[in-house]
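Please read the numbered points with the model open alongside.

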There are 4 protein chains.
Amino acid sequence: VQAQDPDFERRVRDSFARQSVMRLLGASLAEVGPGTTTIVLPYRADLAQQDGFVHAGVLSTVADSAGGYAGYTLMPAGSRVLTTEYKMHFLAPAKGERFLATATVVKPGRTLTVCEMRVLAEQGGERKLVALGTQTLICLRPDAAP
Amino acid sequence: VQAQDPDFERRVRDSFARQSVMRLLGASLAEVGPGTTTIVLPYRADLAQQDGFVHAGVLSTVADSAGGYAGYTLMPAGSRVLTTEYKMHFLAPAKGERFLATATVVKPGRTLTVCEMRVLAEQGGERKLVALGTQTLICLRPDAAP
Amino acid sequence: VQAQDPDFERRVRDSFARQSVMRLLGASLAEVGPGTTTIVLPYRADLAQQDGFVHAGVLSTVADSAGGYAGYTLMPAGSRVLTTEYKMHFLAPAKGERFLATATVVKPGRTLTVCEMRVLAEQGGERKLVALGTQTLICLRPDAAP
Amino acid sequence: VQAQDPDFERRVRDSFARQSVMRLLGASLAEVGPGTTTIVLPYRADLAQQDGFVHAGVLSTVADSAGGYAGYTLMPAGSRVLTTEYKMHFLAPAKGERFLATATVVKPGRTLTVCEMRVLAEQGGERKLVALGTQTLICLRPDAAP
């Protein structure tokens, strides 16, 4: 895939910087390429569910942003992106030192874009798939009627 | 529906109190009944995505916990609950003074339970549906093989 | 909800009549109202999976059409409707004399519409919920660019 | 992945042969390997939705069976398999001479197995991705309590 906006990375990083919840969670945008991004989330005890693992919703939050920005890399300058729906499977307890949420665009589109997301847990140098899902994004184009 | 464990509310509230991410987000468990719970999330600027609305993943986090605990009300004492998957639709921008995530069990089961979740945004005394979804839970029973 | 096209029922029934797979499965469009439809599917042995129950995909096929036409009732004359994604849960074995797939629009929209679908199995005068799901539809408007 | 039952292919093919709906649709089980299967569906006009393309539910039916049998290859002799839920995205109109639904196990488990499914349309020697999704299966083990 190729991005139509040569300045896509700056546009994506600017938008990510405005997602205040990413700061709250301690997540950072590690990689940005055409149709793909990776967000890194270090483990913190205050992200946990009742058993001490990272809450499924927190994994979903970084996976959703990774997907949204993977899609946004391919959208035109001046556009906005919104998630219309996503689904996540949780395959193993989210234990690890940090988590990597990687998303890739499966089908870019003028209006709708579909992404796949995978979340890996990293522990002692090993990586394990702990969650995966799919997502639909809508592009609100700069020329669209309100 | 009827809960088999008469002490279900205390069990659910104890577990919720151990979900440290709920404190991080400022969410509280408002209602607990057999097969249903409601979690309340007041708006905070640090829960936002790039446009200032509450992040879809944050809505999902409270909806997922609401569903998990709705299912957990019907599970036996000594059991544990995990989300195996969920899907959420985002129907309108999550703007409001606070958000109410209500979940209800659609199908309880010995092993798997299916829930529906709805998130309402409350603003100026009015409520609007902003997200809905469905979820699968697995019950890890006290008598289960490891 | 109110349909903007007063002739919505004829438009929906004409489109349903062109879905040749509905004839193959023996499904018929029982009810059409603003934002809702019901499709009826009598049991047939040649609709079964390996255990003799109706295949999950067949239930999904009628649920998907029920949802698509529930959404289509609210779309303008001259538009077309497509499913962009759906998810279905299967709650109990699909045994019964006939099955009723009912869909309702949760959120109509200019571009995207979200529906809920439920499939009931009818046996000996009793009805049981066997499947439920949610769906996203896209409206291709008559005035849209190709 | 490795199958624990050396006779998995015969077991899967026997079960597929009992899915009478596969004969109704004209689908056949092309490939069976440990953790993966492919089902082939030739185009037929009586599988169509209102625009003449194969109905999304028909694509889902073969994708669901492909996933179910991908998971079943890894389950023990004497077990049964059921789909508990799946989600499908429809990326492009299902036009083609035939369709190939390929599923692979992402996470096998004692009780639950998660699969990914992809449906390709084949036309004039070219293949195009038209649908993708994810699925949860449950294994009913021969030693399980009723």
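1. Between them, chain C and chain D bury about 2,800 Å², and carbon and sulfur atoms account for 50% of it. Buried area here is the accessible area (1.4 Å probe) that two parts lose on being put together, summed over both. The size of an interface is often given in this way, as the accessible area lost when the parts come together. The contact draws 36 residues from chain C and 36 residues from chain D, where contact means heavy atoms within 4.5 Å. Leu24(C), Gln50(C) and Tyr86(C) supply 23% of the area that chain C buries against chain D, more than any other three residues.

2. The model is a predicted one, in which local features need pLDDT of at least 70 and side-chain atom pairs count only at pLDDT 80 or more, while totals for chains, interfaces and linings use all residues. Residues are numbered from 1 along each chain as its sequence is written, chains are lettered from A and ligands numbered from 1 in the order in which they are written, and side-chain values use heavy atoms, with hydrogens and water left out.

3. What rotation relates chain C to chain D? A rotation of 180 degrees, with 0.0 Å of shift along its axis, superposes chain C on chain D with an RMSD of 0.0 Å; copies are superposed by least squares on the C-alpha atoms of residues with pLDDT of at least 70 in both. This is the relation of a two-fold axis. The C-alpha of chain C nearest the axis belongs to Lys87(C), at 2.0 Å from it. The same surface serves both copies, as 100% of the contact residues of chain C recur in chain D.

4. Strand E3 (residues 80-90) of chain C and strand E3 (residues 80-90) of chain D pair in the antiparallel sense over five bridges. Within this pairing, Lys87(C) has Lys87(D) in E3(D) as its bridge partner. Two strands count as paired if DSSP finds at least two bridges between them; helices (H or I, at least four residues) and strands (E, at least two) are DSSP runs, numbered from the N terminus. Strands of a sheet pair through backbone hydrogen bonds, either parallel or antiparallel.

5. These strands belong to an open sheet of 12 strands with antiparallel pairing, in the order E1(C)-E2(C)-E4(C)-E5(C)-E6(C)-E3(C)-E3(D)-E6(D)-E5(D)-E4(D)-E2(D)-E1(D). Its edge strands are E1 of chain C and strand E1 (28-33) of chain D, each of which pairs on one side only. Neighbouring strands of this sheet are turned by 25 degrees against each other on average, direction ignored. Helix H1 (residues 8-18) of chain D lies across E1 and strand E2 (36-42) of chain D and runs at about 160 degrees to E1(D). For such angles, axes are lines fitted to C-alpha atoms, for helices over the stretch in contact, and values run from 0 to 180 degrees between N-to-C directions.

6. Which residues of helix H1 (residues 8-18) of chain C are buried? They are Phe8(C), Arg11(C), Val12(C), Ser15(C) and Phe16(C). They lie on the same side of H1(C), because they cover an arc of only 130 degrees around the axis; the arc is that of the directions from the helix axis to the C-beta atoms. Their cover includes helix H2 (20-25), strand E1 (28-33), strand E2 (36-42) and helix H3 (56-72) of chain C.

7. Phe16(B) is placed in helix H1 of chain B. With 10% relative accessibility, Phe16(B) counts as buried, a term that means under 20% relative accessible area, with exposed over 50% and partly exposed in between (1.4 Å probe, protein chains only). Leaving aside residues up to four places away in sequence, Phe16(B) touches Met22(B), Ala27(B), Ser28(B), Leu29(B), Ile39(B) and Tyr69(B).

8. Chain A and chain B form an interface with 36 residues of chain A in contact with 36 residues of chain B. About 2,800 Å² is buried between chain A and chain B, and carbon and sulfur atoms give 50% of it. In chain A, Leu24(A), Gln50(A) and Tyr86(A) lose the most area to chain B, together 23% of what that side buries.
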